[in-house]
Amino acid sequence: MDDFIAARSQMAMSLAFHIVFSCVGMVMPFMMAIAHYKYLTTKNEIYKGLTKAWSKGVAILFATGAVSGTMLSFELGLLFPKFMEHAGPIFGMPFSLEGTAFFIEAIALGFFLYGWDKFNKWFHWICGVIVGISGLASGILVVAANAWMNSPTGFDFVNGQYLNIDPVKAMFNDAWFSQALHMTIAAFCATGFAVAGLHAYLILKGKNVNFHREAFKISSVLAISAAMLAPISGDISAKDVANRQPIKLAAMEAHFKTEESAAFVLGGIVNEEKEEIKYAVKVPGVLSFLVHSDFKTPVKGLEEFPKDEWPPVAIVHYAFQIMITFGMLMMGIAIIYLIAHFFKKEWRTKRWFYKLFMVATPFGYIALEAGWTVTEVGRQPWIIYGIMRTVDSITPMPGIQYSFYIFTFVFITLSIILVFLMNRQIQMVAKLYDPEDPNYKPEKH
């Protein structure tokens with residue numbers, strides 16, 4: 001493994017790891033706040049237990065995310081120093097504001113964790129809401145920085161110099177809204193399904209059923225709401241990509257030839273050398289409709305662009321297919337949930353109903369990781385689209401592959417420890433707050 005591939009692989013792995021904690025930080029505090037609100041209005045001890053279980057889970061994952069996020073900041077400077085030298089002054093504003101949001105989140109989380117029976121109950125609840133709002137803001141600000149890499153604005157590039165820098169314009173670039181919207185909905189979808197799936201599994205085990213059923217209700221509502229909205233935000237994002245980065249859209253669809261009534265491609269095996277895709281299901285005219293809102297207008301194929309500017313077509317296409325496949329599966333589960341809620345209430349007592357969510361536990365994060373692969377790999381060979389190539393931004397420092405191997409081992413080990421800690425935490429708090437348990441004793445206030 002050469003240093004270029006090692007540096008990109010380490011950054012990809014670090015981002016893939018960190019994005020899970022980013023999504024948890026954007027979504028779990030809102031679940032926590034909902035459970036807390038229910039406790040304050042109903043005085044049901046199960047909701048208090050659920051709030052505490054989720055808040056401690058948020059604390060564990062927050063600490064891990066803070067470390068991995070800090071590490072990413074150092075990695076950008078270490079692995080891509082040329083990029084940071086030129087780009088730092090331009091898109092530094094969202095990173096600075098993200099740091100502010102992070103500090104607010106940390107303070108509010110501390111107040112919330114240690115404020116039980118010490119603060120006014122509604123001030124305490126507001127602290128939890130602030131954790132969610134600041135976590136959501138952090139995620140959106142980081143996405144704004146990434147969107148700038150896809151749609152660099154806020155400067156004039158003259159003779160290799162970055163002049164007339166406008167950080168505000170850079171932050172609110174043409175891509176930030178569509179990426180932030182899609183990322184936010186994807187985060188709610190992924191985290192909602194993960195949490196709902198976990199509690200569905202524990203319901204099926206038959207222990208602390210009341211506790212886990214209430215947790216399932218809250219998380220599943222957020223999950224299915226986001227799943228139904230995801231295709232809308234996905235369409236907005238795809239239209240934006242078609243306008244700004246048509247080569248990325250062509251790679252997503254393995255669309256090699258410009259043609260009228262361009263087909264939407266499902267599946268298939270990409271042969272980049274022969275510029276073809278085999279064994280795919282093609283739906284005529286649909287890609288033209290999705291891009292141009294009519295079934296006839298041509299969609300640019302990869303042939304329209306210099307081959308040295310093509311992204312890795314197979315990787316981008318397969319990642320896109322994985323994203324839409326799991327997105328549609330979650331949307332299907334959401335439709336089943338809605339049928340069960342409004343028309344077939346007896347379904348909610350069936351084991352198969354909970355098994356659906358249990359199987360879907362990883363679906364959102366698989367789709368999320370695949371979507372980020374499309375976003376990042378689809379931008380290649382550019383680290384700043386149309387301005388700076390990734391190969392020109394890489395560090396000259398040798399031996400990056402050893403760093404990649406070490407970080408891989410650390411991430412795998414940390415993931416195993418986190419799964420163990422989170423499972424133990426949920427089981428412990430659920431038992432403490434479940435009135436069905438013979439050892440249950442209500443907490444004194």
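Modeller: Let us begin with Val 377, which has its place in helix H12, the helix made of residues 363-377. Please keep in mind throughout that this is a predicted model.

Colleague: Is Val 377 buried or exposed?

Modeller: Val 377 has a relative accessibility of 16%, and since buried means under 20%, Val 377 counts as buried.

Colleague: And what does Val 377 touch?

Modeller: Leaving out residues up to four places away in sequence, Val 377 touches Pro 311, Pro 312, Ile 315 and Val 316.

Colleague: How far apart are Val 377 and Met 330?

Modeller: In sequence they are separated by 47 residues, and in space, going from C-alpha to C-alpha, Val 377 and Met 330 are 24 Å apart.

Colleague: Changing topic: what length should H6 span?

Modeller: Helix H6 has 30 residues, 176-205, and at 1.5 Å a residue it should span 44 Å, which agrees with its end C-alpha atoms being 43 Å apart.

Colleague: How many residues of H6 are buried?

Modeller: The count is 23 of the 30, so H6 is largely enclosed by the rest of the structure.

Colleague: How do H4 and H6 cross?

Modeller: Helix H4, residues 121-150, has an axis that comes within 9 Å of the axis of H6, and the two cross at roughly 135 degrees. H4 and H6 are therefore oblique to each other, and H4 passes H6 in a right-handed crossing. On the H4 side the contact includes Leu 136, Ile 140 and Val 143, while on the H6 side Trp 176, Met 183 and Phe 188 are among the residues that take part. Sorted by class, this contact of H4 with H6 has nine nonpolar residues, four polar ones and no charged ones.

Colleague: What about H10 and H11, at what angle do they pack?

Modeller: Helix H10, residues 313-342, and helix H11, residues 351-359, pack at an angle of about 150 degrees with their axes 11 Å apart. That makes H10 roughly antiparallel to H11, and the crossing of the two is left-handed. Ile 333, Ile 336, Tyr 337 and Ala 340 of H10 make the contact with Trp 352, Phe 353, Leu 356 and Phe 357 of H11. The residues of this contact divide into eight nonpolar, no polar and no charged.

Colleague: And which residues of H7 meet H11?

Modeller: In H7 they are Arg 213, Phe 216, Ser 220 and Ile 224, and these meet Phe 353, Tyr 354 and Phe 357 in H11. By class, the contact of H7 with H11 has five nonpolar residues, one polar and one charged.

Colleague: Last one: what is the phi of Tyr 279?

Modeller: The phi of Tyr 279 is positive, at about 60 degrees, although Tyr 279 is not a glycine. Tyr 279 lies in strand S4, residues 276-283, and is exposed, with a relative accessible area of 70%. Lys 43 also has a positive phi, near 65 degrees, and its place is in the loop between helix H1 and helix H2.

Methods: Residues numbered from 1 in each chain as written. Predicted model: local features only at pLDDT ≥ 70, side-chain atom pairs only at ≥ 80, totals over all residues. Heavy atoms only, no water. Helix = DSSP H or I, 4+ residues; strand = E, 2+ residues; numbered from the N terminus. Expected span 1.5 Å × (residues − 1). Buried < 20%, exposed > 50% of the residue type's maximum accessible area, 1.4 Å probe, protein only. Axes fitted to C-alpha atoms, helices over the stretch in contact; angles between N-to-C directions. Parallel < 35°, antiparallel > 145°, perpendicular 65-115°, else oblique. Left-handed = near helix turned anticlockwise from the far one by under 90°. Contact = heavy atoms within 4.5 Å. Nonpolar A, V, L, I, M, F, W, Y, C, P; charged D, E, K, R; others polar.
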